[in-house]
Amino acid sequence: MAWEKLVLLVVLSYFLGAIPFGYLVGRYWKGVDVRQRGSGNIGATNVLRVLGPGPALIVLAGDVGKGALSVYLGQGAAGSVGAAACGIAAAVGGAWSVFLRFGGGKGMGVGSGIVIASMPVVALVLAPIWGILVALTRYVSLGSVVISALAPLAAYILGMPGEYVLLVAAVGGIALIKHSSNIKRLIAGEERKLGEPAD
């Protein structure tokens, strides 16, 4: 496969990842800029808080879908190396979108799609951990931070290819960077819980 084609797919994956579904659904369906409400994030959790479950499900599906599609594009062109390269590009696009002046989400929706498409067994291990933590604490961010940190270890233990371990380390690292403010609020006991209304 020509490297030129892979480079083009990596660039395409960045732009796929950069599609800001949370902003688009809020702005053009509900007339609300979700960046100005709740936590200010464009992800499904804040959309749920600000706009309700219907818009949140659409945003989640869009974010997961763009991550998965990027992996499939790369995988079809260059196997696991292509999947890893395109997955990382999509995660970067989701976190630092050219369409939002390099603002973006916190990486969990697109990251979930990337992991589901590339390593479904890892997703099956991490999803219950996330669910249990959120159910017990009602902190979505806590579940997200924990599985982002555990993902590379899970991929390694489960025998995933090295490029996939690198992929999930990059995706998890981006999510941890984007959750830095949440981590500070969790430590201070000031983080908003799931179900609490938007400001």
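Analyst: Helices here are DSSP runs of H or I with at least four residues, numbered from the N terminus. The model under discussion is predicted.

User: With that convention, which element gives the most to the nonpolar patch?

Analyst: Helix α7 gives the most, with four residues. The patch has an area of about 710 Å² and is made by Val121, Val125, Ile129, Leu150, Leu153, Tyr156, Ile157 and Leu158.

User: How should the length of a helix be checked, taking α1 as the case?

Analyst: The expected span is 1.5 Å times one less than the number of residues. Helix α1 (residues 3-18) has 16 residues and should therefore span 22 Å; its end C-alpha atoms are 23 Å apart, which agrees.

User: Which residues of α1 are buried, and what covers them?

Analyst: In α1, the buried residues are Leu6, Leu9, Ser13, Tyr14, Leu16, Gly17 and Ala18. Their cover includes α4 (53-95).

User: How many salt bridges does the model contain?

Analyst: As a general idea, side chains of opposite charge can pair when their charged atoms come close. The cut-off is a Lys or Arg side-chain nitrogen within 4 Å of a carboxyl oxygen of Asp or Glu, and the count comes to three.

User: Where do Lys66 and Asp63 lie?

Analyst: Both lie in helix α4, three residues apart, about one turn of the helix. An α-helix has 3.6 residues a turn, so residues three or four places apart point the same way. The side chains of Lys66 and Asp63 meet in a salt bridge with an N to O distance of 3.3 Å, and both residues are buried.

User: What are the partners of Asp33 and Glu191?

Analyst: Asp33 forms a salt bridge with Arg35, with the closest N and O atoms 3.0 Å apart. Arg35 is partly exposed, at a relative accessible area of 33%. Glu191 forms a salt bridge with Arg185, where the closest N and O atoms are 2.7 Å apart.

User: Why does Glu191 count as buried?

Analyst: Buried means under 20% relative accessible area. Glu191 has 10% relative accessibility and therefore counts as buried, whereas Arg185, with a relative accessible area of 27%, is partly exposed.

How values were computed:
Residues are numbered from 1 along each chain as its sequence is written. This is a predicted model: local features need pLDDT of at least 70, side-chain atom pairs count only at pLDDT 80 or more; totals for chains, interfaces and linings use all residues. Side-chain values use heavy atoms; hydrogens and water are left out. Patches are made of residues with over 30% relative accessible area and no salt bridge: like charges are joined within 9 Å, nonpolar side chains (Val, Leu, Ile, Met, Phe, Trp, Tyr) within 5 Å. Accessible areas come from the Shrake-Rupley method with a 1.4 Å probe; for residues, only the protein chains shown count as cover. Helices (H or I, at least four residues) and strands (E, at least two) are DSSP runs, numbered from the N terminus. Buried means under 20% relative accessible area, exposed over 50%, partly exposed in between (1.4 Å probe, protein chains only). Contact means heavy atoms within 4.5 Å.
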